[in-house]
Amino acid sequence: MKVRELFDKKTVFSFEVFPPKKTSSIEVIYKTLEELKDLSPDFISVTYSAGGSGNGQLACDVASKIKEYGITPVIHLPCINYSREEVSAVLDEIKSRGIENVLALRGDINPEIPPKNDFRYASDIIRFIKEKGDFDIAGACYPECHPEASSMVEDILHLKEKVEAGADHLISQLFFDNRSFFEFREKIAIAGINVPIEAGIMPVTNKNQIERMVTMCGASLPNKFTKIMQRYEHSPEALRDAGIAYAVDQIVDLVAEGVDGIHLYTMNNPYVARKISESVSGIIGA
């Protein structure tokens, strides 16, 4: 099934997972998927190496396993370190596996790996994928502005280019203040961007992890969120439970405001995904 078809029927609820490192057994992620499948997400997306870690084949294998479970897989496809020939080969590979949903990304720039420059922006690879077959294409968006953009106006113009190139729907970067998402949604509507947008939610389970992610993507930390981290940073279980509660509150508010979907960054943690899924199952399906 193509993901774009889901948004006409319901509030979409999806997960993100990532393949294990090359030094770890793939059985680790298969065990995670075994637990996640029972939560019946609308789709599960799988991250794909932007270059250097060599997990591309693993990502394809994980996506195929997701499909075996009867769940729609979405495979990430970052382009900055790949040539047209390499991207074409990936598309042929996933098509041969019956995978028809792609999250097209530029990918993070690795200073140790020179970019190939066949695709400079996400809009370039989106246009290329459209030419290669009938894939459903998701794009990424940043409610608080891409860290490399000079302004929100510039960032929204680039986002519009992605949609005009063929992005069928969008998945947002993580955020912790729903007001940022609501304001962003209003701004892009004014810009004429009207494809469905899933809100990216990452539960707080580890203070250092969140701080690292925030540094990378530029998300702001509301006072309420900061107090949670400060109060429970030395109590892992309490921080995990408070993080789950915070994420649930975000989701309830987002759904009440008519969000198109929720994309849960699971960090391969089935316990957290289950607790959140169970808490919001009634409102997501309402």
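Ala, Val, Leu, Ile, Met, Phe, Trp, Tyr, Cys and Pro count as nonpolar, Asp, Glu, Lys and Arg as charged, and the others, Gly among them, as polar. On that scheme, the lining of the second largest cavity has four nonpolar, three polar and no charged residues. The model is predicted.

**Cavities**
- The count is two cavities of 30 Å³ or more.
- The largest cavity holds about 50 Å³ of space.
- Its lining runs through Tyr-142, Pro-143, Glu-144 and Cys-145, then Gln-173, Leu-174 and Phe-175, then Cys-217, Gly-218 and Ala-219.
- By class, the lining of the largest cavity has seven nonpolar, two polar and one charged residues.
- The second largest cavity holds about 40 Å³.
- Pro-203, Thr-205, Tyr-265, Thr-266, Met-267, Asn-269 and Val-272 line the second largest cavity.

**Second largest pocket**
- This pocket has about 150 Å³ of space.
- Lining residues include Phe-176, Asp-177, Arg-179, Lys-224, Asp-249 and Asp-253.
- The lining of this pocket has five charged, three nonpolar and two polar residues.
- Helix 6 (178–190) and helix 9 (236–256) each give at least two lining residues.
- Helix 9 supplies the largest share, four residues.

**Nonpolar cores**
- The largest nonpolar core has 71 residues.
- Ile-75, Ile-94, Ile-129, Leu-170, Leu-254 and Ile-262 have the most contacts inside it.
- Beyond its neighbours within four places in sequence, Ile-75 is in contact with residues including Val-46, Tyr-48, Ile-94, Ile-99 and Leu-103.
- Another core lies apart from the largest one and has 24 residues, among them Phe-7, Phe-176, Val-214 and Phe-225.
- Phe-176 also lines the second largest pocket.

Key: Residues are numbered from 1 along each chain as its sequence is written. This is a predicted model: local features need pLDDT of at least 70, side-chain atom pairs count only at pLDDT 80 or more; totals for chains, interfaces and linings use all residues. Side-chain values use heavy atoms; hydrogens and water are left out. On a 1 Å grid over the protein atoms alone, a cavity is a set of points where a 1.4 Å probe fits but cannot get out, and a pocket is an open set with protein on both sides within 12 Å along at least five of seven lines; lining residues have an atom within 4 Å of a point. Grid points are joined across faces, edges and corners, and a volume is the space filled by probe spheres set on the points. A nonpolar core is a set of buried Ala, Val, Leu, Ile, Met, Phe, Trp, Tyr and Cys residues joined through side-chain atoms within 4.5 Å. Buried means under 20% relative accessible area, exposed over 50%, partly exposed in between (1.4 Å probe, protein chains only). Contact means heavy atoms within 4.5 Å.
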